[in-house]
Amino acid sequence: MELYELTVHELMDKLENKEITVTDITKSYVDRINEKEKDVDAFVTLTTDEALSKAKVVEEKIKNGETKSKYSGIPIGIKDNICTKGVKTTCASRMLENFVAPYDATVMDKINNENMIMLGKLNMDEFAMGASTEYSYFKKTKNPWDLNRVPGGSSGGSAAAVASNMVPWALGSDTGGSIRQPSSFCGVVGLKPTYGLVSRYGLVAFASSLDQIGPITKDVTDSALLLNLITGHDSKDTTSLDIEKKDYTKALVNDVKGLKIGLPKEYFGDGINPEVKKAIMDVAKKYEEMGAIVEDCSMEVTDYALATYYIIACAEASSNLGRFDGIRYGYRTKNFENLKDIYINSRSEGFGEEVKRRIMLGTYVLSSGYYDAYYKKAQKVRTVVKNEFDKLFSKYDVLLTPTSPTVAFNIGTRSNNPLEMYLADICTVSVNIGGLPGISVPCTTNSEGMPIGFQLIGNHFSEDTILRAAYTYEQNTNFREENKPTFKK
Amino acid sequence: MNISREEIIHIAKLANLKLTEEEIEKTLYNMKDILNFANTVNNVNTDGVDESIGATENYNVFRKDEIKEFGDRDILLSNAPEQEDGMFKIPKVI
């Protein structure tokens with residue numbers, strides 16, 4: 001077995017037992033990148049040379065006892081909307097094609113403090129707006145299970161890189177499903193934490209009240225390990241919550257006896273592909289067999305969550321992206337005579353089609369005459385969504401749903417129909433509206449060999465509960481052993 | 001939900017965007033669909049419901065107004081398309 005096939009906790013064990021060195025691990029991943037990146041196109045920027053040099057330095061540090069952290073020397077891939085000092089952060093946009101952040105995001109500080117090794121910056125939909133990574137300005141990432149298909153999005157580069165073993169794990173960001181949906185499409189584990197659990201400082205803002213950074217990993221144990229590293233209050237992000245840090249590896253207990261699981265019927269409607277529906281019902285059966293109590297439930301407002309999400313997300317995006325003016329950083333047009341020209345032409349030339357569409361929609365719903373009917377109304381529906389979740393979580397520990405209504409679709413089939421692309425987020429957006437944690441776990445493949453993931457939604461700060469439930473499922477099934485990406489062309 | 005060509009141009013202006021003829025046509029076509037869809041939020045009964053201000057109930061997080069030096073002026077300016085004497089450069093305004 002090659003080192004790149006191992007999970008991070010397996011790599012940590014081997015490092016601890018001195019069976020392997022940090023350089024062995026880094027080399028294994030760099031070789032794998034050299035072999036697979038040409039097919040998958042997951043990276044915007046590679047830092048493999050820097051990674052190999054850093055591996056030697058970290059190896060010395062470990063030898064000299066200067067670092068005792070088990071994370072030392074573990075490689076990682078980073079979504080390209082997380083600021084990395086000295087390495088480009090492009091958001092897969094022409095607007096930030098040459099942007100080098102002057103500081104590290106708080107999650108990067110945490111990663112660097114543990115002497116972890118970054119392998120590169122991963123592709124995404126431009127400014128995280130999309131569900132297929134096709135809206136990247138630079139390249140289209142392919143799904144390792146079938147190179148004709150999308151990896152999902154917006155963290156498509158992160159999910160594809162983990163699935164193809166080019167990185168052992170990665171950070172993504174999730175505004176309406178951007179960690180969970182690509183994880184589902186690529187057969188890996190993706191966790192979107194409770195809003196406020198992880199600092200957003202240095203994450204390029206899309207929709208500030210919805211965005212969260214989270215781990216994309218090969219298995220649930222790694223998810224808990226990476227979550228442990230990135231959580232914690234940060235005074236630089238006023239929305240990060242000052243609460244006691246938990247050790248999520250303690251949640252990795254193989255037991256769901258008595259766990260109450262709700263199946264909200266709105267997530268199993270006509271829009272859900274029958275094979276996906278069957279797969280999720282099989283997961284529900286498995287949970288029952290393992291001793292959980294599974295019940296049907298209902299969350300009527302689900303049908304309106306997607307519209308609510310797009311109003312709020314686009315409104316916030318139109319405001320957040322106002323900062324891109326061609327003055328302090330980012331793309332500046334060559335066609336200008338005055339200041340106003342710089343603003344307008346830099347933005348019109350620097351942003352891609354989908355980003356402009358969302359800025360337009362956001363500006364519209366916030367504009368005079370439409371504010372009440374759209375934005376204000378959506379913020380009220382947001383309260384209704386939260387109230388309905390509260391009601392459900394007074395009865396259930398977790399909710400079980402599909403992560404996505406379909407498996408990964410073919411490249412080019414939805415990119416010309418924005419509304420159809422938005423519908424890909426239907427199972428994931430409510431979680432962001434409610435600020436709740438959600439995890440996508442692979443369960444099976446469909447008749448075409450494409451992975452299907454299920455989603456577990458927990459109450460605020462109950463990452464431990466969803467991790468326990470996910471871990472128990474994983475321990476009693478064999479998705480990773482039985483299914484591998486084929487890189488089929 | 002109908003949106004006119006004039007409204008598209010007006011919204012673009014508010015957003016500091018300039019759309020080509022082709023983009024205006026396309027936006028007009030897509031926005032109608034998207035707004036019809038967005039409009040479905042009005043089917044939810046929200047009588048007596050307050051607006052959310054965010055994902056959590058966190059409200060007005062205060063901190064002391066203290067100056068913290070970033071220290072490296074050059075690196076902050078290094079991404080500027082044009083700079084002069086340690087300042088961002090823009091065309092003449094007045």
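I began with strand E5 (residues 189-192) of chain A, where A:Val189 and A:Leu191 point one way, A:Gly190 and A:Lys192 point the other way, and all are buried. I took buried to mean 20 or more other C-beta atoms within 10 Å of a residue's own, with C-beta atoms placed from the backbone. Strands (E, at least two residues) and helices (H or I, at least four) are DSSP runs numbered from the N terminus.

I noted that this is a predicted model, in which local features need pLDDT of at least 70 and side-chain atom pairs count only at pLDDT 80 or more, while totals for chains, interfaces and linings use all residues. Residues are numbered from 1 along each chain as its sequence is written, and chains are lettered from A in the order in which they are written.

I next looked up the partners of E5(A), counting strands as paired if DSSP finds at least two bridges between them. E5(A) runs antiparallel to strand E6 (residues 212-217) of chain A, joined by 2 bridges, and A:Val189 stands opposite A:Thr217. With strand E10 (residues 438-445) of chain A, E5(A) pairs in the antiparallel sense over 3 bridges; here A:Lys192 faces A:Gly438.

I then turned to A:Pro451 in strand E11 (residues 451-458) of chain A. A:Pro451 is buried because 25 other C-beta atoms lie within 10 Å. Not counting residues up to four places away in sequence, A:Pro451 touches several residues, among them A:Trp145, A:Cys186 and A:Pro442; contact requires C-beta atoms, placed from the backbone, within 7 Å.

Lastly, I recorded that the contact between the chains takes 41 residues from chain B and 54 residues from chain A. H2(B) gives the most to the chain B side, with 7 residues.

Notes
Two residues are in contact if their C-beta atoms, placed from the backbone, lie within 7 Å. A residue is buried if 20 or more other C-beta atoms lie within 10 Å of its own, exposed if 12 or fewer, and partly exposed in between; C-beta atoms are placed from the backbone.
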